[in-house]
Amino acid sequence: MTNVVVVGGQWGDEGKGKVVDLLCPAFADVVRFNGGNNAGHTVKFADRHFALHLIPSGIVQPGCRCLVGPGVVIDPVAFLEELRMLEEQAVSVRPRLMISPRAHLVLPGHRAIDVAREAASGKGKLGTTGRGIGPTYEARARRTGVRLGLARSPKRLREAVAAASADLEQALARYPAAAVPSPAEIDAAVEAALALAPLLGDVAGALADSDAAGRPILFEGAQGTLLDIDHGTYPFVTSSGCLAGFAAPACGLPARVIGGVLGVFKAYVTRVGSGPFPTELSGGTGEHLRRRGNEFGTTTGRPRRTGWFDAVAARAAVRWSGIDAVALTKLDVLDELAEIRIATAYEIAGRAVEGFPDDADDVAGAAPVYETLPGWQADSAAVTAFDKLPELARRYVARLEELLGVPVVVVSTGPRREETIVRRVPPLTDWNTGL
Ligand code: IMP
């Protein structure tokens, strides 16, 4: 029995939803531990397609219990909509879903501040998803947040939301163009939170019981390691912890429960929003990756910035999150390219640097040192066995393994569950995932 954490190794959108969906038949519990509905996890199989933002991707697998941990911030209206979308698609949700009462609520005022601040920031804007995630985590740290647990008492919830909303309205006064939430919007948030009350449960206790009984837990990370509030490209980051090690304490569990870490990396890199991106491609190749990879946000529909695989950043992610093995996604998106580049070092102010800088300005000023590999210019799309990949594609994967120092155990060759290569090698075989 091994508890496994799945985290993004880049700037989010690596394809974690597909990987979690693939793994979860072997796990009793799937738990989300960070972020909110800034995340967008896509699961596709047969002719079905689910875009999930808050509910763990495990929900589309019938046997899994899905939990939402204390470190997640919940927009109650969005959560309820997602729940109803699943129920309309005949997925049974409520009996298998548990939300921590400690999770903080994203209120309409948090969203309004997020949007107003970004609009007022001009060139300096972070490019947030506008979902109110940052202001909600700020309120948590300021100790003025509202936790979902209050929904067990409608009176206490209404009072707390009214007080927080009044406080947020004052903060919004700094932004003359801001859309102040209407009483109806605030009421809708309260009603939605009350509707979620039956799903509240002791997430930490439930997970501790699972661990003690040998029922394996899958921790589903949101965003990506380089968006981590401390280790990412600050301030161009999200407002929660995104490293794998954060999964256990965020859920109220001891660090030792984490048995393995699977890092999900795209075969190239994308980023949405502002912030440094050394290997970004601005010309035709970047456009090609965007088009062929359908690189438009699941949450906001924004076009994603695209670039070459950055092994400097990826090595840092492997170290920070203790990644034991890699799931490499979207390899097929590179099929048509004549040459493929990998950044193996940065040059900053005339000096070669192999570590990832702590200062976002240094990352922005870094010139990538590239290694160029021949492209395979052959079809890898939908290939399901590693030895059936074009030889040069296998070489590319092998080079990434050398640069990262960990094995690539899963290769995704298309968006659907079926379009996946699983390499039955350690540590995957030690994790009892059944793959
Ligand atoms: P926020 O999390 O909405 O505050 O946005 C902060 C930064 O993180 C912005 O650059 C967002 O585009 C980025 N971000 C947040 N969530 C995701 C995600 O799930 N995928 C990719 N980028 C994200």
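What volume does the second largest cavity have? The second largest cavity has a volume of about 30 Å³. Keep in mind that this is a predicted model.

Rolling a probe the size of a water molecule over the atoms shows where empty space is left. Here the count comes to two cavities of 30 Å³ or more. The largest cavity has a volume of about 40 Å³.

| Cavity | Volume | Lining by class |
|---|---|---|
| Largest | about 40 Å³ | six nonpolar, one polar, one charged |

**The largest cavity**

Which residues line the largest cavity? They are Gln10, Trp11, Leu226, Val269, Phe309, Asp310, Ala313 and Ala314. By class, six of the lining residues are nonpolar, one is polar and one is charged.

Now place this lining in the fold. Strand E13, residues 309-310, supplies at least two of the lining residues. Helix H10, residues 311-321, also supplies at least two. Domain 1 (3-102 + 199-260) gives at least three residues to the lining of the largest cavity. Domain 3 (265-430) gives at least three as well.

**The second largest cavity**

The second largest cavity is lined by Gly109, Ser165, Leu168, Glu169, Leu172, Pro181 and Ile186. Which helix gives the most to this lining? Helix H5, residues 154-172, does, with four residues.

**Around the ligand**

Turn next to the ligand. There are 16 residues around the ligand. Which of them come nearest? Asp13, Asn38, Thr129, Thr238 and Arg302 do. By class, the shell has six nonpolar, eight polar and two charged residues.

Start with Thr129, one of the nearest residues. An N or O atom in the Thr129 side chain is 2.6 Å from an oxygen atom of the ligand. Gln223 also uses its side chain: a polar atom there lies 3.3 Å from a nitrogen atom of the ligand. Val272 uses its backbone instead. One of the backbone N or O atoms of Val272 lies 3.1 Å from an oxygen atom of the ligand.

How much of the ligand does the protein bury? Taken alone, the ligand exposes 470 Å², and the protein buries 97% of that.

Conventions
Residues numbered from 1 in each chain as written. Predicted model: local features only at pLDDT ≥ 70, side-chain atom pairs only at ≥ 80, totals over all residues. Heavy atoms only, no water. 1 Å grid on protein atoms, 1.4 Å probe; cavity = no way out; pocket = protein on both sides within 12 Å on 5 of 7 lines; lining within 4 Å. Points joined across faces, edges and corners; volume = space filled by probe spheres on them. Nonpolar A, V, L, I, M, F, W, Y, C, P; charged D, E, K, R; others polar. Domains from an automatic or database assignment. Near = heavy atom within 4 Å. Polar contact = N/O pair within 3.5 Å; in protein donor to acceptor, adjacent residues only side chain to side chain. Areas by Shrake-Rupley, 256 points an atom, 1.4 Å probe, with all protein chains shown as cover.
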